[in-house]
Amino acid sequence: MGKVPHVSELHDPPTAQQLIESVREWLETDVFPQVEGRLQFHTRVAMNVLAMVERELEIGGEQNEHYAAGLAAFQCNNEAELAEKIRTGALLSKEAEVEEFVLNSVKEKLRVANPKYLRDE
Amino acid sequence: MESIPSTPEELSLAITAATGLDGITQMRRLTGGASRETWSFHVGDEQRIIQRQRLTSPRDMHVEVGVLEAAYAAGVPVPRVLASSRDLVGENPVGTQFMIVNAFEGETIARKILRDDEYGTARKILPAQFGSALGKLHRINSEVPGLEDVDQIAFYKEHLRDCGQSHPAFEIAFRWLDENRPPIGRRCLVHGDFRMGNLIIGNEGLRAVLDWELAHIGDPAEDLGWLCVRAWRFGGGQPVGGIGAYKDLLEAYGESSGEYISLETLRWWEVLGTVKWGLMCISQAAYHLTGSVRSHELAAIGRRVCENEYDALLAIRELKNGKGATRV
């Protein structure tokens with residue numbers, strides 16, 4: 001991997017991301033092949049969850065900043081305000097831009113939650 | 001209060017006392033869901049299933065008994081209710097509401113049905129069989145007591161408002177759903193959760209439709225749209241349960257019910273179904289977050305909400321551009 005985006009001034013290595021990665025790799029190589037049935041399924045879920053957290057630790061900070069800036073462009077302080085404005089029709093004059101922004105933000109969530117889900121549009 | 005029979009022996013005795021069914025063997029618990037438990041047993045060579053409501057469940061299982069009986073009488077492939085607490089006079093030795101049905105051999109796991117060679121023949125005919133079964137179900141005229149008619153849009157809007165989270169994508173979807181709602185059609189008995197996972201499949205095709213807990217009165221297109229939601233395609237490339245084209249479902253449905261639903265209407269219900277599953281993912285994660293059930297599996301489902309936001313927004317864009325009705 002080699003990426004160390006969450007270097008802490010205080011905490012010693014490994015980074016949070018590297019620690020999680022080490023547990024995920026252990027589940028993949030040592031645990032998963034040894035279990036079956038429901039336990040294997042739950043092991044797979046656990047591996048997926050850890051991989052998701054690794055991705056969020058890597059790109060989540062940047063994504064959050066980007067999202068806040070996008071919300072501000074629609075005069076929203078937070079996501080709840082955007083949702084409210086869409087519901088009440090306050091942003092109808094910018095409907096296309098809002099839809100583009102929301103679709104892009106959903107894609108950002110998928111880049112962390114499940115990148116394989118994204119498809120050619 | 002007396003304790004509910006909980007061991008296999010106690011439950012067997014209780015069933016005999018309640019129904020007169022004698023010679024019960026091989027009693028074993030299959031699953032224990034949030035609202036009910038399911039046990040399997042034998043009477044002679046015949047396998048039987050008993051579903052028993054949990055004390056804490058607010059649901060009335062006797063409504064489901066009535067639904068199953070009506071569906072069976074209409075020729076829908078369903079388990080046959082052999083006995084239930086509804087028909088008891090006096091006390092119920094089983095402790096809570098229950099029903100006993102015949103068992104079906106077969107597969108319910110979607111990934112196997114979608115991929116294993118032994119279901120190759122079944123996959124070709126299943127979409128039409130789904131249409132035909134739903135057609136028969138939606139033609140039922142008899143009244144089943146206790147079923148509710150809930151406006152799906154109003155119900156799930158409220159769900160979104162009350163979930164304690166903001167989801168701009170679902171607000172966009174509800175706006176589109178409101179503006180494009182098909183004329184309110186006929187009301188009928190709908191299954192409410194007709195999809196892979198709740199269907200028993202054999203190598204020759206559909207054997208039984210299970211899980212009637214969510215049955216209600218609604219628009220017939222609701223069941224068809226739900227079956228096409230991307231989550232229920234389990235990675236399959238085709239819209240109907242991952243294995244069939246829209247037109248196979250719609251044509252078989254039309255032949256079976258005499259009612260031809262348009263692709264536009266079906267896709268509107270598919271978008272609503274997508275939003276609905278997204279909201280249900282929020283609820284599933286909430287079981288973990290509120291501490292009622294601790295489970296990393298449930299927790300992870302919270303991060304599947306955005307899959308449904310994505311599908312809903314893409315489907316809406318496609319339908320707005322007029323492409324949605326041609327992609328059969």
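Reply: Arg44(A) is partly exposed, because 15 other C-beta atoms lie within 10 Å; with C-beta atoms placed from the backbone, 20 or more others within 10 Å of a residue's own make it buried, 12 or fewer make it exposed, and partly exposed is in between. The model is predicted, so local features need pLDDT of at least 70 and side-chain atom pairs count only at pLDDT 80 or more, while totals for chains, interfaces and linings use all residues. Residues are numbered from 1 along each chain as its sequence is written, and chains are lettered from A and ligands numbered from 1 in the order in which they are written.

Arg44(A) belongs to helix α2 of chain A, residues 37-73. Helices (H or I, at least four residues) and strands (E, at least two) are DSSP runs, numbered from the N terminus. Glu28(A) is 16 residues from Arg44(A) along the chain, and their C-alpha atoms are separated by 8.2 Å.

Now the chain around this residue. Chain A has 4 helices and 0 strands, in the order α-α-α-α along the sequence. Of its 121 residues, 13% count as buried. Among contacts in chain A with a separation of 6 or more, 47% are between residues 24 or more positions apart; a contact here means C-beta atoms, placed from the backbone, within 7 Å.

The C-alpha trace of chain A spans about 55 × 40 × 25 Å along its principal axes. Its radius of gyration is 19 Å, whereas a compact globule of 121 residues would have one near 14 Å. That radius is taken over C-alpha atoms, and the globule rule is 2.2 Å times the number of residues to the power 0.38.

Key. Two residues are in contact if their C-beta atoms, placed from the backbone, lie within 7 Å.
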